[in-house]
Amino acid sequence: MKTTVAFIGGGSFGTALSTVLAGKGYTINMFDIDQDHLARMERDMENKDYLPGVKLEGDYRFCKTNEEAVKDADFVIFALPAQHVRSAIKASAPYIREDAIITCISKGLEQKTHKRMSEVIGEYFDLDRYVCISGPSHAEEVGIGVPTCVAMSSRKEESAMAMANLFTTNKFKVYLNDDMMGMELAASLKNVLAVGSGIANGAGYGDNTLAALLTIGCAESTELGVVLGARPSTFFGLAGIGDMIVTCMSVHSRNFRCGRLIGQGYKPEDAIKEIGMVSEGMYTAEVAHELAQQAGVKMPIFEAIYNVIKGNITVKEALDDLMTSPIGREIDYL
């Protein structure tokens with residue numbers, strides 16, 4: 001029987017991943033709460049709103065309800081911003097097959113609860129059937145077949161292997177990682193660094209500044225992750241440094257572009273509107289700020305980015321504070 005994969009959410013990354021699977025001959029059930037957007041996708045066989053230029057070729061079915069999308073699906077992929085994942089799961093959970101394998105490609109932390117996506121999904125499903133996917137994977141490049149590597153993690157290795165086999169092609173390679181917490185934290189925190197990188201770029205600072213920001217920011221992410229129970233090596237893998245490189249140094253990155261507008265003088269809310277898509281780092285910055293306080297971890301780079309986003313300080317004041325802080329030692333996490 002032909003494998004069916006349901007995508008809940010019609011954004012750029014979900015669409016890009018769907019092309020990988022459609023290219024392997026699988027049936028793709030696509031649902032989005034914005035039915036007008038979905039109708040345009042079906043009419044054009046292209047996601048002109050979020051991933052223009054990538055044609056949708058293969059067995060696509062555009063669904064009018066969550067039930068229609070997931071009831072016959074072997075795999076269910078939640079592909080929407082982190083702050084909307086809970087509501088999407090609630091709407092879909094009653095109709096998902098008990099043997100279906102589930103993943104969520106959102107790279108963020110839930111506000112208020114501070115929960116990672118696996119923790120949110122674990123409230124509704126047995127995590128033995130959940131797989132985390134992360135790594136350096138711009139939708140714009142995945143959609144046109146640029147060679148891409150990602151990591152996958154599950155509490156049950158058979159689930160991770162099933163999802164890995166589903167996606168693997170000669171252009172899309174999967175590695176396994178058994179540190180799901182580390183993957184989720186690294187993927188979420190790097191979005192905050194991407195906003196910071198964009199701010200520095202937009203304000204006119206150079207490569208020296210960016211390199212220092214990312215190096216120290218990665219160390220801060222790792223320290224927080226270790227305190228919370230993650231493995232330090234994960235932050236130096238595909239979900240960590242790998243994803244950080246593409247997100248913090250590329251014009252494809254909406255987090256970087258949003259930060260660059262702020263660095264150029266835009267108010268944060270205006271920068272978000274200008275980008276037109278969700279920049280997860282803008283929301284994760286507040287969660288990271290609160291988690292660091294609760295865990296007693298000092299994160300000066302993250303704190304500076306948070307304060308600029310909140311309008312508490314200017315970009316220049318943030319940089320002056322960082323550059324004039326007391327001399328300290330680098331920390332070795334390995």
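Predicted model: local features only at pLDDT ≥ 70, side-chain atom pairs only at ≥ 80, totals over all residues.

Colleague: How many Å does helix 9 reach from its first C-alpha to its last?

Modeller: Helix 9 covers residues 207-228, which is 22 residues. At 1.5 Å a residue, the expected span is 32 Å. The model comes close to that, with a reach of 31 Å.

Colleague: Which helices are included in what covers the buried residues of helix 9?

Modeller: The buried residues of helix 9 include Leu210, Leu214, Cys218 and Ser221. Residues three or four places apart in an α-helix point the same way, because there are 3.6 residues a turn. The cover over the buried residues of helix 9 includes helix 8, helix 10, helix 13 and helix 14.

Colleague: Is helix 8 roughly parallel or roughly antiparallel to helix 9?

Modeller: The two helices pack with their axes 10 Å apart, at an angle of about 155°. An angle over 145 degrees counts as roughly antiparallel. Therefore helix 8 is, relative to helix 9, roughly antiparallel.

Colleague: How many nonpolar, polar and charged residues has the contact of helix 8 with helix 9?

Modeller: On the helix 8 side, the residues that meet helix 9 include Leu185, Leu189 and Gly196. Their partners in helix 9 include Leu213, Gly217 and Leu224. Sorted by class, this contact of helix 8 with helix 9 has 11 nonpolar, 5 polar and no charged residues.

Colleague: Is the crossing of helix 8 and helix 14 left-handed or right-handed?

Modeller: The axes of helix 8 and helix 14 cross at roughly 65° and come within 10 Å. That angle makes helix 8 roughly perpendicular to helix 14. As for the hand, the crossing of helix 8 and helix 14 is left-handed.

Colleague: Which residues of helix 14 meet helix 8?

Modeller: Helix 8 contributes Leu189, Val192, Leu193, Val195, Gly196 and Ile199. By class, the residues of this contact of helix 8 with helix 14 are 10 nonpolar, 1 polar and no charged. On the helix 14 side they are Ile301, Phe302, Ile305, Val308 and Ile309.

Colleague: Is Met45 buried or partly exposed?

Modeller: Met45 lies in the loop between helix 2 and strand 3. It has a positive phi of about 50°, although it is not a glycine. Buried means under 20% relative accessible area. Met45 has 25%, so it counts as partly exposed.

Colleague: Is His114 buried or exposed?

Modeller: His114 sits in the loop between strand 7 and helix 5. His114 is not a glycine either, yet its phi is positive, about 65°. Its relative accessible area is 13%, so His114 is buried.

Definitions and conventions: Residues numbered from 1 in each chain as written. Heavy atoms only, no water. Helix = DSSP H or I, 4+ residues; strand = E, 2+ residues; numbered from the N terminus. Expected span 1.5 Å × (residues − 1). Buried < 20%, exposed > 50% of the residue type's maximum accessible area, 1.4 Å probe, protein only. Contact = heavy atoms within 4.5 Å. Axes fitted to C-alpha atoms, helices over the stretch in contact; angles between N-to-C directions. Parallel < 35°, antiparallel > 145°, perpendicular 65-115°, else oblique. Nonpolar A, V, L, I, M, F, W, Y, C, P; charged D, E, K, R; others polar. Left-handed = near helix turned anticlockwise from the far one by under 90°.
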